[in-house]
Amino acid sequence: PTFKVSDNNLVEWQGWSVRVGFNYREGLVLQDVKYKGRPVMNRASLVEMAVPYGDPSAPFTRKCAFDVGDYGLGYCANSLELGCDCLGHIHYFDVCMADEFGNPSVKKKAICMHEEDTGILFKHVEYRNGHNESRRSRELVISSIATVVNYEYLFYWRFKLDGSLEFEIKLSGELSTNLTSSGEDPTSPSHGVLVAPGVNAQTHQHMFCCRLDMSIDGEKNTVSEIDIVPEDSSYGNAFGPVETVLKKEQDAVRLYDANKARSWKISNAEGKLNSITGMPTAYKLVPFTRGAAGPTVLTHETSSVSKKGAFAQAHLWVTPFDEKERYPAGEYTPQSLEQEGLPKWIKGNL
C-alpha cells in the first residue's frame, strides 16, 4: 500500500491528507481534507436520512425512518472483517463511543481503508505513429457499514489520483415488509410490490443528506450554479456554461437539472487564482455520478414526513458556516414538535 497512517487518524496518500473521525450519530467523519497541502474541506459527513414509505393505509401514514437522528449510524456500525466486508491490504480503525451509561465503549474495526484498482486513468494512441501511452488508476477507499434494523448502509469515500473525491452509498439487507392492507387486493398491492403471498414490500425512498464544510484554498468560499445551455449563433451550434452566483440562503435552495448538466462550483473568495485560467481556484460538486438522477422527496408538502424531512425537498442548500447548525432535520429529530433544521436556518436569508 502507498498510504501512511500517523498520529492515530492522520492518513496521507498520493498528495491527499485527511483526518478520519467517527461519532455515535454520523458515524464516519472526514476532517481537515487537503490535496497537496492545500485545504479542500474542513469536515464532511452524512448528517441525516429520511426513508418515507408511500402507503396511505393505516398505520403506515407516518412511516418514515430518520436513520441518523433516530438511531445513530455510529451505534449501528458493523465491526468489519477481512475477506468480504473489506478485501486487500487493509488498515482498520477502532472507534470509541459512550454507551447508554456514559462509559467508553470500543468498537473494533468500525472503519476500513484500502486501495483499489479502478481501471484506466489515462490512455492515448498517437494515430500518426502508433505510440501508445496508458496508466492505471487507483483509489483510496475509506468505508464504514451500518445496520439500521432491516437495511445495511455501506458508505465509501473515494479519494482519486486526479484530485477528485467521491462519496458512494450502497444499500443491502432486507426490505421492510407487511401484510397487504384491509380492502387491498392481496395479489396486487396498490402501493408496493408483492414479494411473497400476501406480503407487500411498500414503495419508499431513501433520502440522504451530507454536510460539506468546504474550504477551497481558504475559509472564504463562494458557491455558484453552472448550467450548460444553448446560445444564439449564426449556425445554431453554440452552447456553453452559464454561471450564477448564489448570494442569499433562500436563493441557494436548488434542484438538480439533468437537461442542463447542472453542477455547483465552490470557489475561493480570497484571491487564490488558477495559474492557467486566471479564475478563482475551485472544486465542482457533481450530483448523481452513479446511476440515474433521483427525485426529491415525493410525499406531499403538507404531510408530517415532508415537514420534518424538509431538507429532502431540494438537492442543494447553501448556508454560511454556523457551528450550531449541524443537523438538517434538527438536533432532536424524533422529539421535535415544529419544523427544525434547514428551513429554520434560512429564514434570516443571510
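Glu-168 counts as buried at 9% relative accessibility, where buried means under 20% relative accessible area, exposed over 50% and partly exposed in between, with a 1.4 Å probe and protein chains only. The model is predicted, so that local features need pLDDT of at least 70 and side-chain atom pairs count only at pLDDT 80 or more, while totals for chains, interfaces and linings use all residues. Residues are numbered from 1 along each chain as its sequence is written, and side-chain values use heavy atoms, with hydrogens and water left out.

**Surroundings of Glu-168**

- Glu-168 is placed in strand β11 (residues 165-173); strands (E, at least two residues) and helices (H or I, at least four) are DSSP runs, numbered from the N terminus.
- The side chains of Glu-168 and Arg-158 make a polar contact at 2.9 Å, a term for a pair of N or O atoms within 3.5 Å; within protein, one must be able to donate a hydrogen and the other to accept it, and residues adjacent in sequence count only if both atoms are side-chain atoms.
- Leaving aside residues up to four places away in sequence, Glu-168 touches Leu-154, Phe-155, Tyr-156, Arg-158 and Arg-290, contact being heavy atoms within 4.5 Å.

**Cysteines**

- The count is one disulfide, defined as a pair of cysteine sulfur atoms within 2.5 Å.
- This disulfide joins Cys-86 and Cys-112, with the sulfur atoms 2.4 Å apart.
- Cys-86 lies in the loop between α1 (67-70) and β7 (91-98) and Cys-112 in strand β8 (residues 104-125), so the bond ties together parts 26 residues apart in sequence.
- Cys-86 is buried at 2% relative accessibility, and Cys-112 is buried at 0%.
- The sulfur of Cys-64 is too far for a bond, because the closest cysteine sulfur, in Cys-209, is 13 Å away; Cys-64 is buried, at 15%.
- For Cys-209 the closest cysteine sulfur is in Cys-210, at 7.0 Å, too far for a bond; Cys-209 is buried, at 13%.

**Cavity**

- The whole structure contains one cavity of 30 Å³ or more; on a 1 Å grid over the protein atoms alone, a cavity is a set of points where a 1.4 Å probe fits but cannot get out, and lining residues have an atom within 4 Å of a point.
- The largest cavity holds about 90 Å³ of space, a volume being the space filled by probe spheres set on the points, which are joined across faces, edges and corners.
- Its lining has 13 residues, of which Glu-26, Gly-27, Leu-28, Leu-73 and Phe-155 are the closest to the centre.

Technical notes
On a 1 Å grid over the protein atoms alone, a cavity is a set of points where a 1.4 Å probe fits but cannot get out, and a pocket is an open set with protein on both sides within 12 Å along at least five of seven lines; lining residues have an atom within 4 Å of a point.
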